[in-house]
Amino acid sequence: MSLTEQAIVLAAGFGAGVLTSTVGVASLLSFPVLVALGIPPVVANASNTVGLIPAGLSGSYGYQEELRAYPRVTATVLVTCAVGAAGGAALLLSLDPRVFEAVVPWLILFTCLLVGAQPWISRWLRRQHDAAQPPQPRTSMSPATTLFAALTGVYGGYFGAGSGVMMVAVLALGLDIDLRIVNGLKTLAVLAGNLVAGAIFIAVAPLHWPAIELLAAGSLIGGYIGARVGRHLPPTLFRVLIVIAGALAAVLLF
């Protein structure tokens, strides 16, 4: 890579790191940059996953207070997404990359709708309960929420673009906790997926190490800065940004 190309990849890593810790569509910035530089798509996808691991590490460190709020939820998200990502990475290496092309944009659009409508959906669900026996706040993951978190992990290991948006939708609908904490959990979920999938890719997949090193350097800083920003985003603004980012991601994938 030329000096200019190196600077572009480094900047893409920084931007992707910020997005990892905020709205969760990091791969839609960094992955196209790698492909535009002539790296084959499958190699670019695997290299992008490995290169963004530092973003998840620094972002999760920035959200450490939020991640300590509900230890059991944090542990469940970590395990389910790690296991799911292992399956997703195996799919990437064994299936035609075009398998999910038709469904992924629609899936991201649907999850954007869920994130945007979550306050109304939650209020409707609460009204279905007996007013004399109001439900207790949901602060642990139900089997259904755990299943969908694992499926999101599978998708994250397979492709990853928009997986953060999907995880926000799953956790916001399945738990009655602050969106700031959901954002921290989403960042941890992305980290878990990237770690497991990245380890598999390092072992068996062709990688572009110069690009990985530049992405890693940029995303390490961007992930922490993104967490500092994400911790102070008002819930309504965060939800709006998630919907906009997810809709843009779907349009680009279309």
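1. Met-141 and its contacts. In this predicted model, Met-141 touches several residues beyond its neighbours within four places in sequence. Val-73, Thr-76 and Val-77 are among these partners, as are Thr-146 and Ala-149. Leu-171 and Leu-175 complete the list.

2. The largest nonpolar core. Met-141 is also one of the residues with the most contacts inside the largest nonpolar core, together with Val-77, Leu-171 and Leu-185. That core holds 32 residues. At least two residues each come from helix H6 (71-94), helix H9 (163-174), helix H10 (179-204) and helix H12 (235-253). H10 gives the largest share, with eight residues.

3. A separate core. Another core, of 11 residues, lies apart from the largest one. Its members include Val-9, Ala-12, Val-43 and Leu-214.

4. The aromatic pair. How many aromatic pairs are there? The count is one. It is formed by Tyr-61 and Tyr-224, with ring centres 6.2 Å apart. The planes meet at 35°, so the pair is tilted; stacked would require planes under 30 degrees apart, and edge-to-face over 60.

5. Where the pair sits. Tyr-61 belongs to helix H4 (residues 53-62) and Tyr-224 to helix H11 (residues 209-230), so the pair ties together parts that are 163 residues apart in sequence.

6. Accessibility of the two tyrosines. Is Tyr-61 buried or exposed? Tyr-61 has 52% relative accessibility and therefore counts as exposed, since the cut-off for exposed is over 50%. Tyr-224, at 34% relative accessibility, counts as partly exposed.

Key: Residues are numbered from 1 along each chain as its sequence is written. This is a predicted model: local features need pLDDT of at least 70, side-chain atom pairs count only at pLDDT 80 or more; totals for chains, interfaces and linings use all residues. Side-chain values use heavy atoms; hydrogens and water are left out. A nonpolar core is a set of buried Ala, Val, Leu, Ile, Met, Phe, Trp, Tyr and Cys residues joined through side-chain atoms within 4.5 Å. Buried means under 20% relative accessible area, exposed over 50%, partly exposed in between (1.4 Å probe, protein chains only). Helices (H or I, at least four residues) and strands (E, at least two) are DSSP runs, numbered from the N terminus. Contact means heavy atoms within 4.5 Å. Rings of Phe, Tyr and Trp (its six-membered ring) pair if their centres lie within 6.5 Å; planes under 30 degrees apart count as stacked, over 60 as edge-to-face and the rest as tilted.
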